[in-house]
Amino acid sequence: MSSAQFVRPARATDVDTVVDVQVASWRAVYGTLLPDPVVAEIGGADARRQFHEQWTAALESPPTSRHRLVVATDEVGGVRTVTGFAAFGPAGDPDLWPATDAEVFALHVDPERAREGHGSRLVNACVDHLVDDGFGTVHVWVPEADNALRAFFEASGWRADGARREIDLGSPLPMVRLHAAISA
C-alpha cells in the first residue's frame, strides 16, 4: 500500500477517469445481476456521454453547496491516478429529511484497485464532509442480492433500514437502502 493514497475534491480533468471507473465498477458489481445487453450498454458511447455530462454538471453546478464529488487517488508507476470516486449530499428520498439525512449517491473503485483501502478512504471522506455539514445519518442504495458493494458497506457497520425499491435496467434490479449514524 502506498503512503501517497488520499481523497480530494474532484476536478474537471478527472471526469473522463471517473466515467471509466464507474463503467468498470458497474460491470463488476452489477454485471451478474443484469442481462448481458444492459451490461454491454453501460460502457457504450451513449452511456459514457451521459455519465460524462452528469459528472461535469455535478462539478460545475451542483444542486446545493452540500453536494460533493470526491476522488480517491494513488501513485501508480509514479503518476497520480484516480482510483475511485464518491458523490454525496442531502438525501432525496421522500421519507428522509434532507436537512439531517444524507445520501451517498455513488461510490465506485476501479475493480483492479479493489481491497487497497480506496473505498474506506472515500467513505471516511464522505462522512467527514457530511458531519461538517450537519448531517446525522447517511444512506446508500445497494443491490439486494449478494454483491461486493453491499458487503463492503455492511462490513463497515451500515444496516438495512427496511426501504426497498426496484430499478428497471432491462429487468428489475431489487435494491435495499442501508444507513449509518454519523453523529452523536
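User: Hi! Which residues lie nearest the centre of the largest pocket, and how many line it?
Analyst: Trp-26, Gln-54, Val-104, Phe-105 and Ala-106 lie nearest the centre, out of 28 lining residues. A pocket here is an open set of points on a 1 Å grid over the protein atoms alone, where a 1.4 Å probe fits, with protein on both sides within 12 Å along at least five of seven lines; lining residues have an atom within 4 Å of a point. Keep in mind that this is a predicted model: local features need pLDDT of at least 70 and side-chain atom pairs count only at pLDDT 80 or more, while totals for chains, interfaces and linings use all residues. Residues are numbered from 1 along each chain as its sequence is written, and side-chain values use heavy atoms, with hydrogens and water left out.

User: Thanks. What volume does the largest pocket have?
Analyst: About 600 Å³, taken as the space filled by probe spheres set on the grid points, which are joined across faces, edges and corners.

User: And which element gives the largest share of its lining?
Analyst: Strand 4, residues 101-109, with 6 residues. Helices (H or I, at least four residues) and strands (E, at least two) are DSSP runs, numbered from the N terminus.

User: How does that lining split by class?
Analyst: There are 21 nonpolar, 4 polar and 3 charged residues. Ala, Val, Leu, Ile, Met, Phe, Trp, Tyr, Cys and Pro count as nonpolar, Asp, Glu, Lys and Arg as charged, and the others, Gly among them, as polar.

User: OK, what about the second largest pocket: what is its volume?
Analyst: About 470 Å³. It has 17 lining residues, and Val-109, Ala-114, Arg-115, Ala-148 and Phe-152 are the closest to its centre. Helix 1, strand 4, helix 4 (118-132) and helix 5 (148-155) each give two or more residues to this lining. By class, the lining has 9 nonpolar, 6 polar and 2 charged residues.

User: Now Arg-150, buried or exposed?
Analyst: Arg-150 is buried, because its relative accessible area is 16%. This residue is in helix 5, and a polar atom of its side chain lies 2.5 Å from the backbone oxygen of Glu-144.

User: And His-118, where is that one?
Analyst: In helix 4. His-118 is buried, at a relative accessible area of 1%.

User: Switching to helix 1: which residues are buried there?
Analyst: Val-15, Val-18, Val-19, Val-21, Gln-22, Val-23, Ser-25, Val-29 and Tyr-30. Asp-20 is in helix 1 too, and counts as partly exposed at 40% relative accessibility.

User: Last one: what does UniProt list for residues 5-180?
Analyst: The unreviewed UniProt entry lists "domain: N-acetyltransferase" there; positions follow the numbering used here, feature names are shortened, and annotations may be inferred rather than shown by experiment. Over residues 5-180 the chain is 35% helix and 34% strand, with end C-alpha atoms 25 Å apart.

Conventions: Buried < 20%, exposed > 50% of the residue type's maximum accessible area, 1.4 Å probe, protein only. Polar contact = N/O pair within 3.5 Å; in protein donor to acceptor, adjacent residues only side chain to side chain.
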